[in-house]
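I opened this entry to keep track of what I looked up, one topic at a time. The structure comes first, then my notes.

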Amino acid sequence: MRDAIQAETVSITGHDGDEIEAYLAQPLVNGTFGAVVVIHHFPGYDEETKEITRRFADHGYLALCPNLYSRQAPGATPEDAAAVVRGLGGVPDEQLVGDVDGAVRFLTSMGTANGKAGTIGYCSGGRQSFLAACSLSLDAAVDCYGAFVVAEPPKELPLKVSPIAQLAENLSCPLLGLFGAEDQNPSPAETAELEAILSAHRKTFEFHTFEGAGHAFFATNRPNYRPEAAGEGWQKVWDFFGRYLSS
């Protein structure tokens, strides 16, 4: 843990050269640090995600959360922005990759960066973390219960995305997957299928499924929160990024 951090809203260059809002947190101590792009969940660029971003700075990382809804709902509250994007079917995959690429470039250009960068995402952001790791050159990626990597979304969901497991052969870095045994999006069967695909491509990965936990078990502000699973999951994140992003 670090003694002091700085957190602020910044502007970064994202997909297609668009200027988008992002939340930056960094340690205020001497040294060089690994970079983590925090990909927010479907409910949006909210206080809970900013708290997670600060948590990474507390643990000695340069952390940046891009507001993926900057274009669709500039200036809107997280709730209103999420409603707008939900009506549009989500963020296009190409835009997501461009925005994460911009976030990585921003972080790794900082004077305190050690040149290593990874991603972490929750819910839809878990899928997007996997997508980014299959589309960009990264050093590590974490998928926290990312749905619809191997399966189509149910028709009743507004999310307009397609499975991306076929991209696994392009995975550029080690992958950590954290899942709930009681989750259905993704279900244990789906995570087992992704595990088999990654094994077939001889990728470096580790998956952990927590008993008694469902979707969003990291979310401290939701009934889904499971403190024991979340605590163990955070420790696995610190161990994983410590191996691959440390100086």
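**Notebook: loops, rings and cores**

I began with proline 186, which lies in the loop between S7 and helix H5 (188-200). Helices (H or I, at least four residues) and strands (E, at least two) are DSSP runs, numbered from the N terminus. The peptide bond from asparagine 185 to proline 186 is cis, with omega near 10°.

I noted the ground rules before going on. This is a predicted model, in which local features need pLDDT of at least 70 and side-chain atom pairs count only at pLDDT 80 or more, while totals for chains, interfaces and linings use all residues. Residues are numbered from 1 along each chain as its sequence is written, and side-chain values use heavy atoms, with hydrogens and water left out.

**Threonine 191**

I looked up threonine 191, which lies in helix H5. I found threonine 191 to be buried, at a relative accessible area of 7%. Buried means under 20% relative accessible area, exposed over 50%, and partly exposed in between (1.4 Å probe, protein chains only). Leaving aside neighbours within four places in sequence, threonine 191 is in contact with Phe179, Pro186, Phe207 and Thr209; contact means heavy atoms within 4.5 Å. I also checked threonine 191 against aspartate 58: they are 133 residues apart in sequence and 31 Å apart in space, C-alpha to C-alpha.

**Positive phi values**

I looked for positive phi in residues other than glycine. Aspartate 16 has phi near 60°, and its place is in the loop between strand S1 (5-13) and strand S2 (19-27). Phenylalanine 148 has phi near 65° and is found in the loop between S6 and S7. Which of these is buried and which exposed? Aspartate 16 counts as exposed, at 67% relative accessibility, whereas phenylalanine 148 is buried, at 6% relative accessible area.

**Aromatic rings**

I then turned to the rings. A pair of aromatic rings is described by the distance of the centres and the angle of the planes. Rings of Phe, Tyr and Trp (its six-membered ring) pair if their centres lie within 6.5 Å; planes under 30 degrees apart count as stacked, over 60 as edge-to-face and the rest as tilted. I noted 18 aromatic pairs in the structure. In one of them, tyrosine 145 and phenylalanine 217, the ring centres are 5.3 Å apart and the planes at 65°, so the pair is edge-to-face. Tyrosine 145 lies in the loop between strand S6 (140-144) and strand S7 (175-180), and phenylalanine 217 in the loop between strand S8 (205-210) and helix H6 (227-245), so this pair ties together parts that are 72 residues apart in sequence. Tyrosine 145 and phenylalanine 217 are both buried.

I compared another pair. The rings of phenylalanine 240 and phenylalanine 241 have centres 6.0 Å apart and planes at 45°, so I wrote this pair down as tilted. Phenylalanine 240 and phenylalanine 241 are both buried. One aromatic cluster includes Tyr145, Phe217, Trp234, Phe240 and Phe241. Arginine 55 lies over the face of tryptophan 234, at 4.3 Å from the ring centre; a charge sits over a ring if NZ of Lys or CZ of Arg is within 6 Å of the ring centre and within 35 degrees of the ring normal.

**Nonpolar cores**

A nonpolar core is a set of buried Ala, Val, Leu, Ile, Met, Phe, Trp, Tyr and Cys residues joined through side-chain atoms within 4.5 Å. I found 52 residues in the largest one, where Leu64, Tyr69, Leu96, Val100, Leu107, Phe130 and Leu198 touch the most other members. Helix H3 (residues 93-108) gives the largest share of this core, 6 residues.

**Helices H3 and H4**

The contact is made by Asp93, Leu96, Val97 and Val100 of H3 and Arg127, Gln128, Leu131, Ala132 and Ser135 of H4.
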